[in-house]
Amino acid sequence: MTFQTIGKSLRRKEGFLKVTGHSVYADDLRLENCLYGKTIRSTVPHAKIKEIRFKDGIPWDEFTIVLPSDIPGLNAVTLIDAEQPFLAEREIRHVAEPVALIAHRDKHLVEKARHFVHVDVEELPAVLTMEEALERNNVFKSYLVQNGDPSEKWNEADVIVEETYRTGAQEHLYIEPQAMIANTIPGESVTVWGSMQCPYYVQKALAPLFDLSHENVRVVQTETGGGFGGKEEYPNMIAGHAALLSWKAGRPVKMIYDRREDMWATTKRHPSKIRVKAAFKRDGTLVALDIDILLDGGAYPTLSAVVLSRATLHAWGPYKCGHTRVRSRVVMTNSVPYGAFRGFGAPQAIFAIEMHMNRAALELGIDPVEIRRKNFLHQGDQMPTGQVIREKIDLEMMMDRALELSGYHRKRADFEQFNAQSRPHRKGIGLSVFFHGSGFTGSGELRLASELSMALTGQGGVEVFAANVEYGQGTNTVLTQIAAEACRIDPDLVMIHQPDTSAVPNSGPTVASRTTMVVGKLVERAALELRKRLKEPTDFEASARQYLAEHGELRITVQYEPSSDLHWDDEKYRGEAYAGYAWSCDVAEVEVDAVEYMARVTNFVSVVECGRVINPLLAAGQIEGGIAQGIGFALYENVVLEQGAMKNNQFTNYIIPTTADTPDIHVNFVEFPHSNPGPYQAKGIGEMPIDGPAPAIGSAVAHALGGRFINELPLLPERIMDVVESL
Ligand code: MOS
């Protein structure tokens, strides 16, 4: 099959506007008579609210003030359930919890006024660790996946390896902070513009807040400077706050967090504690696997149940094992609520299983490569959920390619020799192999029932109407390429409508590595339907113009259609967990300074199979970005919690990798043209690249340290020092 635009590195559709500074972000929007809003937040993790006092020294009569009693509808963010209040009413459950809102036309005065609001509280004991939460049985959600019975297999094993792994919180650090502008007609309607991944989530949260029908809440996405999951659910909160102030003031209200507030008060990646017990035969064959996952959910459920689900369903790694049990729980603490973050539970689970396979290889005295070869899943094999791998996979080939591209075997031997000579630094190399499910888990896509429209344009092209947002990852370009290919037109003739709930149907949220695979498929189907209506023209442009001249307009809507061979049982947690999986192998090389104990990544190879690659440059960019973020997760990004909130909430003391800390990254695609549900056989790529770096780097560091594994992320110098000093 030859393609016109699929597989070509088309330029980013909105790139010109971005690099010339013409893109309009939320803070660039100017509305007349606009007020600036600020949030008053708690400073204690658990308390009863006694009184909110507005102290002298501020002209409070010039301010708009919103308290819980001003809320016209439901004081809870409707997400999965409606449990987290927009403003705490009686009880505070975490530091930085919103308790009141203030707005004024003077940006500086409103900032000053914040310090003149005092929340009188009666403090209550706080639960700040996962262990304590578990003791108290504060469990938000739990799952069990079981296949066979590992407990019967421990006796048959030659070697049992059991370890506990921990990962810390991680901050998204999108370049553009959370930002929303609201305008309302009090009593009638609400409009918000802002930075977000999911316009229809915001609509769903705002309608009950104001007791309005969905049609009376309009949500428009403005150019969005990154999200990484951090703009999946949090925008509901800030949009609600801006809209409440506007409703009370009868004027537009802008709320833009500064970096410190953004890092202090918004969601992060769930900290995890994962125990893995695995039984092996002497030759490395995996016979039983027992995994226990614990996540800290923070003070409110947010999306934790779904994050836990994805962690659970990625926990066994790409291996065949007849006797597997995964038990998982997410607990409630008095920490700032944790939420969606690229990878969505998978990076934590994959860190555990992949570190464990590398450690087991060491204990068995075999190479990490060989233990994988013994146990890889193949086409036709079953995962512990009973899902049969129908598509073609070839993990051996992908791993071999990564080994060859990185010079793994040679370097492994060379580095061991090098390290024996006690130099000022040590070298190591490590690998990971992993998968990531594209799209919503289980029956999620069925429930979403996404819709997408496409219409002919006067230029003889098409316009795509979807709720999925461009936030730097390439949605607009990828959807354009799919539409252009399917219609057989020039990509310049494809327009993408700005996500706006008053203009686009609900094609679902921009999350879960679903946009290319699920929404892209809707684009393809809509385009093919348009071609059919135009009677399969050889010249689409001419036929489109002729059709418009004769009939006025042509706009069609398509809806997600589940494949009939996908079944998911939510009760038993069995079946086809994901419609498609992407697969990958990472090899990381590191140097560890023997004096300062700093580790750095010196080379990185990633071999990726994500079905058809729609735009190689954008796909490689996604992978390189995910790896950079994964290097941060592995080595540098340390969220220091004080009373359950981020204490180091500044760029100066929360360290992320810069280009100086990012090695050469070699991305290599493997494409199997097989049948999977994506457009032109494409699968998701957004999240997978952040799954593999941490265990590859962790294992490389262990290799550099002579086989001493550190089970806790990030691998800070002090953690490395502890190991080196104990040598
Ligand atoms: Mo998300 S972490 O935006 O699926």
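**Entry 1: E445**

I started at E445, whose side chain reaches the backbone nitrogen of F440 at 2.9 Å. Its side chain also makes a polar contact with the side chain of R514, at 3.0 Å. For polar contacts I use a pair of N or O atoms within 3.5 Å; within protein, one must be able to donate a hydrogen and the other to accept it, and residues adjacent in sequence count only if both atoms are side-chain atoms.

A note on the source: this is a predicted model, so local features need pLDDT of at least 70 and side-chain atom pairs count only at pLDDT 80 or more, while totals for chains, interfaces and linings use all residues. Residues are numbered from 1 along each chain as its sequence is written, and side-chain values use heavy atoms, with hydrogens and water left out.

E445 is found in helix α12, residues 444-448. Helices (H or I, at least four residues) and strands (E, at least two) are DSSP runs, numbered from the N terminus. Buried or exposed? E445 counts as buried because its relative accessibility is 5%. The cut-offs are under 20% relative accessible area for buried, over 50% for exposed and partly exposed in between, with a 1.4 Å probe and protein chains only. Leaving out residues up to four places away in sequence, E445 touches G439, F440, S450, R514, V518 and Y560; contact means heavy atoms within 4.5 Å.

**Entry 2: S507**

Next I looked up S507, which sits in the loop between β21 (494-496) and α14 (515-533). S507 has 0% relative accessibility, so it counts as buried. Beyond residues up to four places away in sequence, the contacts of S507 include S450 and R514, and both of those also turn up on the list for E445.

**Entry 3: domain 2 against domain 3**

I then took the domains, with bounds from an automatic or database domain assignment. Domain 2 is 31-123 + 179-265, and domain 3 is 272-441 + 574-724. Their centres, taken over C-alpha atoms, are 37 Å apart. I found 22 residues of domain 2 in contact with 26 residues of domain 3.

How much area do domain 2 and domain 3 bury between them? The value is about 2200 Å², with 61% of it on carbon and sulfur atoms. Buried area here is the accessible area (1.4 Å probe) that two parts lose on being put together, summed over both. In domain 2, R93, F228 and M263 lose the most area to domain 3, together 29% of what that side buries.

The salt bridge count between domain 2 and domain 3 is zero, but six residue pairs are in polar contact across the interface. On the side of domain 2 that touches domain 3, β5 (82-84) and α6 (259-265) are the elements giving two or more residues. α6 gives the most there, with five residues.

**Entry 4: salt bridges**

Over the structure I count 45 salt bridges, each a side-chain nitrogen of Lys or Arg within 4 Å of a carboxyl oxygen of Asp or Glu.

- E111 and R114 pair at 2.9 Å, N to O. E111 is partly exposed because its relative accessibility is 26%.
- R390 and D565 have their closest N and O atoms 4.0 Å apart. The two are 175 residues apart in the chain.
- E609 and K683 meet at 2.9 Å, N to O. E609 lies in strand β26 (599-609) and K683 in the loop between β29 (664-669) and α17 (693-704), so this pair ties together parts 74 residues apart in sequence. E609 and K683 are both buried.

I also noted one network of salt bridges with shared partners, joining R12, E14, K18, E223 and E470.
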